[in-house]
Amino acid sequence: MGCCGDEENDDDLSSAATTETLHDTSSSSDSTTLSPMNSHFSALACRDTLRLIFEKLPIPDLARSSCVCRAWNSVASDQEIVANAFKSPWKLKDVVGKPASGSFWRDNSIGKFAISHRISRGDSVASLAVKYSVQVVDVKRLNNMMSEHGIYSRERLLIPISDPEMLVGATCYVEVDPCAKREVAVLYLEDGPDQKAIDSCTLSQKNAESSGANSELGKKRVLESLRRSMQVDDATALYYLSIADGDPRAALSQFSQDLRWESHSAFA
């Protein structure tokens, strides 16, 4: 009996020793967990090394990397690295301009790009959709239009890009379109951007940002009244109000003249 008891005790001791060994091994493993913040990875705190790595990452991975630590965020947010990652999938030659929003670079899907088409006599949303092989609804959505009348209040329309090959080797310009009310990378198929138009857009944006809450409320009320009278979308009403220096009556008068010109052109 004593021998059996001794054997059982030996087994218990052996089992306990094994468990303790595994526990020590596990503890040792936990204490040496590898992470970017661990001393074993000191090389990944070097900016030059990080740049070499991050320059090869796509936009989503750069966004994740920027959340690891301060050092990673500093490199992953570098303007040159982010811009190159933005251009890379589409093989763009260059993207000119500094975005108004830092979040601009986080999305480089095809919807982030648009063609700038200068409006000319006889243009319509439908004819432009056919010309560029896109859907009418997509043109309206991109330009924040609710009706066909919106086209006559603008100097240009943004056209969705249906063929990504158009971006290969191209130069796009980062612009905030006041009518579309969005920031896009604009592709010009013929001439480059009109500097006067860009300055005007920038000035309009700054003026809008500097306006007080009271003036904004009053402007919204006038805009809403004008929109109902014209039976057009907000962007069109805003356009006519701006060219009339804020005078609703002058805006209505100009709108009526454009409608008469449109009717005359349709029967010409």
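User: Why does serine 153 count as buried?

Analyst: Serine 153 has a relative accessibility of 1%. Buried means under 20% relative accessible area, exposed over 50%, and partly exposed in between, with a 1.4 Å probe and protein chains only. The value of 1% therefore makes serine 153 buried. A word on the background: this is a predicted model, in which local features need pLDDT of at least 70 and side-chain atom pairs count only at pLDDT 80 or more, while totals for chains, interfaces and linings use all residues. Residues are numbered from 1 along each chain as its sequence is written, and side-chain values use heavy atoms, with hydrogens and water left out.

User: Where is serine 153 found, and what is it in contact with?

Analyst: Serine 153 sits in the loop between α7 (136-142) and β3 (156-160). Helices (H or I, at least four residues) and strands (E, at least two) are DSSP runs, numbered from the N terminus. Setting aside neighbours within four places in sequence, serine 153 touches Thr236, Tyr239 and Tyr240, where contact means heavy atoms within 4.5 Å. Of these, Thr236 and Tyr240 are among the buried residues of helix α10 (residues 234-243).

User: What makes the link between serine 153 and threonine 236 a polar contact?

Analyst: The side chains of these two residues are joined at 3.4 Å. A polar contact is a pair of N or O atoms within 3.5 Å; within protein, one must be able to donate a hydrogen and the other to accept it, and residues adjacent in sequence count only if both atoms are side-chain atoms. At 3.4 Å, the pair is therefore inside the limit.

User: Which residues of α5 are buried, and what covers them?

Analyst: The buried residues of α5 are Ile81, Val82, Ala83, Ala85, Phe86 and Lys87. Their cover includes α2 (47-54), α3, α4, β1 (94-96) and β2. At the start of α5, a side-chain oxygen of aspartate 78 comes within 3.1 Å of the backbone nitrogen of glutamate 80.

User: How many residues line the second largest pocket, and of which classes are they?

Analyst: There are 16 lining residues, with Ser77, Val82, Gly102, Trp105 and Arg106 nearest the centre. By class, eight are nonpolar, six polar and two charged. Ala, Val, Leu, Ile, Met, Phe, Trp, Tyr, Cys and Pro count as nonpolar, Asp, Glu, Lys and Arg as charged, and the others, Gly among them, as polar. The largest share of this lining, three residues, comes from α3.

User: Where is confidence lowest in the protein, and where is it highest?

Analyst: Confidence is given as pLDDT, the predictor's confidence in each residue, from 0 to 100. Helix α1 (residues 2-31) is lowest, at a mean of 46, and strand β2 (residues 113-118) is highest, at 95. The protein averages 77, and 72% of the residues score at least 70.

Technical notes
On a 1 Å grid over the protein atoms alone, a cavity is a set of points where a 1.4 Å probe fits but cannot get out, and a pocket is an open set with protein on both sides within 12 Å along at least five of seven lines; lining residues have an atom within 4 Å of a point.
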